[in-house]
Amino acid sequence: MRVTTTSYRIRRAEPRDADALSEICLLTADDGRDASALYSDPRLPGYLWASAYGALEPDFAFILGDGEGALGYVLAVPDTAAFEQRLEREWWPTVRQSLIGFKPRTTHDEMVLRRIDVPERRDLERLADYPAHLHINILPEIQSGGWGRRMIDTELDALRQAGVKGVQLGVSPTNIRAKGFYEHLGFIDISQPGDVTFGLKLQ
């Protein structure tokens, strides 16, 4: 276990962080806990929720690190609708190619493959007020240390500087702790039937 240290810092992600984004996503994909046992290919969660952001929107990708490596990330896109179009052109074809011949062994494997085959699209009505979206994950050993708020603040500053008027994020229905965290930061519940989503106006 890492000890608390003042050497932690938030920095912009770089291409060399690609593997770290994928690993952190895996180690937090079970409501903030290690999901390694849920996926037979460790790349799968990252394909959906992390890796594309670092590759396609590096200006809005930030890493929490220390002298040894990455401990968390916050990732965002300023224009979700445009990002979804880029994914279809620039990301999903390569991911699908990499998974040719892969045989799912768990229900989580099957879920990811379905979403790669037919990617989900965010609701256009909500995008009118909250066009950006973000993801944040921090390794369990340094959660509850105040870094989540600092990372969110860093991301929100970047989005505001880009002129974004609102941001949304999805939350697991079973992650009660996360819901309370976002409400404490000023996000409001904008959920619709079938999802749990929080939004924040930036302008």
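Tutor: Start with a definition. Buried means under 20% relative accessible area, exposed over 50%, and partly exposed in between (1.4 Å probe, protein chains only). At 33%, Arg43 therefore counts as partly exposed.

Student: What kind of model is this?

Tutor: A predicted one, where local features need pLDDT of at least 70, side-chain atom pairs count only at pLDDT 80 or more, and totals for chains, interfaces and linings use all residues. Residues are numbered from 1 along each chain as its sequence is written, and side-chain values use heavy atoms, with hydrogens and water left out.

Student: What does the chain average in pLDDT?

Tutor: pLDDT is the predictor's confidence in each residue, from 0 to 100. Here the chain averages 93, and 97% of the residues score at least 70. Over residues 1-5, though, the pLDDT is below 50. Where pLDDT is low, the predicted coordinates should not be read in detail.

Student: How many salt bridges are there?

Tutor: First, the idea. Side chains of opposite charge can pair when their charged atoms come close. A salt bridge is a side-chain nitrogen of Lys or Arg within 4 Å of a carboxyl oxygen of Asp or Glu. The whole structure holds ten.

Student: Which residue forms a salt bridge with Asp41?

Tutor: Arg43, with the closest N and O atoms 2.7 Å apart. Asp41 is at 9% relative accessibility, so Asp41 counts as buried.

Student: Where do Arg126 and Asp195 lie?

Tutor: Their salt bridge has its closest N and O atoms 2.6 Å apart. Arg126 is in helix H6 (residues 124-129), while Asp195 is in the loop between strands E6 (188-189) and E7 (197-201). Helices (H or I, at least four residues) and strands (E, at least two) are DSSP runs, numbered from the N terminus.

Key:
Contact means heavy atoms within 4.5 Å.
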